[in-house]
Amino acid sequence: MMKTVGVVGSGTMGGGIAHQAAISGFTVILRDVDQRFLDNALARMQKLMDRQIAKGKMTEEQKSDIIQRITFTTSLEDMSDCEFVVEAIIEDLEAKKEVFRQLDEILVPEAIIASNTSSMSITDIASATKRPHLVAGMHFFNPPQVMKLVEVVRGYQTSDETVKELKKLSIDLDKEPIEVKKDTPGFIVNRIMIPQFIEAIRLVEEGVATPEDIDKAVTLGLNYPMGPFALQDYAGVDIGLHVMDYFYEEFKDARFAAPITLKNLVRAGRVGKKVGAGWYDYNNK
């Protein structure tokens, strides 16, 4: 069993993955470029555990033990002893490749490096290293402490042993792994979800229904926990647009072309709950 896990990026996903790894008993090195991002990640972890303590599901001692397993750092070199590192920074291909180049130099030759990217090419990311057989996708879902699924994604040169190790690691992290056998944009979940977003937006553009009624139709008619517009706002409307543009660039298929209404929403700065407005307004709620 791997004992030391590194996480690059301490945002919602990276911080959540690091937290889940510590909860699962791993020693964790969490790195970000600025101490304030690390401080924010720690505050989120503490808030979540305080709620667990209030419900009687965790003790103060357990909370303390979990936090003590995590080293917060701004230095990538502190990950030199990690057996596994997952990158969870912004969805920018060149930024990810630069992190992988640096990790390739820092880590021991047998260490596995994974990306938490939701859509981008693992093969392309792996090309930045001299160990593409030890590079794969490990796509967690938000919030990582709660959502059970992990997509383990093969790059073109990912070895069977690497996939086997990441599936085992997923189970050790109390997750359910699935294998994505081919490196294709969006993998499984986003490949299904993004066209649903686009079709929902087109229904609004055609005057068929309002976002509210479409969300109600999907939650009550398909038994989804969230409708497509509420989910876009939660995940970030701008992130959805970014993924659609990436899909379109890769596939050159009109199915993935972002609707103009979505583009205008982003141009207007209504990028979701994080700013108080997306498809819905949140400041008055």
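First, some ground rules. This is a predicted model, in which local features need pLDDT of at least 70 and side-chain atom pairs count only at pLDDT 80 or more, while totals for chains, interfaces and linings use all residues. Residues are numbered from 1 along each chain as its sequence is written, and side-chain values use heavy atoms, with hydrogens and water left out.

Now the overall picture. The protein chain holds 11 helices and 8 strands, taken as DSSP runs (H or I, at least four residues, for helices; E, at least two, for strands) and numbered from the N terminus. Its C-alpha trace spans about 55 × 45 × 35 Å along the principal axes. Of the 285 residues, 46% are buried, meaning under 20% relative accessible area, with exposed over 50% and partly exposed in between (1.4 Å probe, protein chains only).

Back to Gln145, which sits in the loop between strand S6 (135-140) and strand S7 (149-154). Gln145 counts as partly exposed because its relative accessibility is 22%. Leaving aside residues up to four places away in sequence, Gln145 touches Gly16, His19, Gln20, Leu48 and Lys175, where a contact means heavy atoms within 4.5 Å. Met45 lies 100 residues from Gln145 in sequence, yet their C-alpha atoms are 9.9 Å apart in space.
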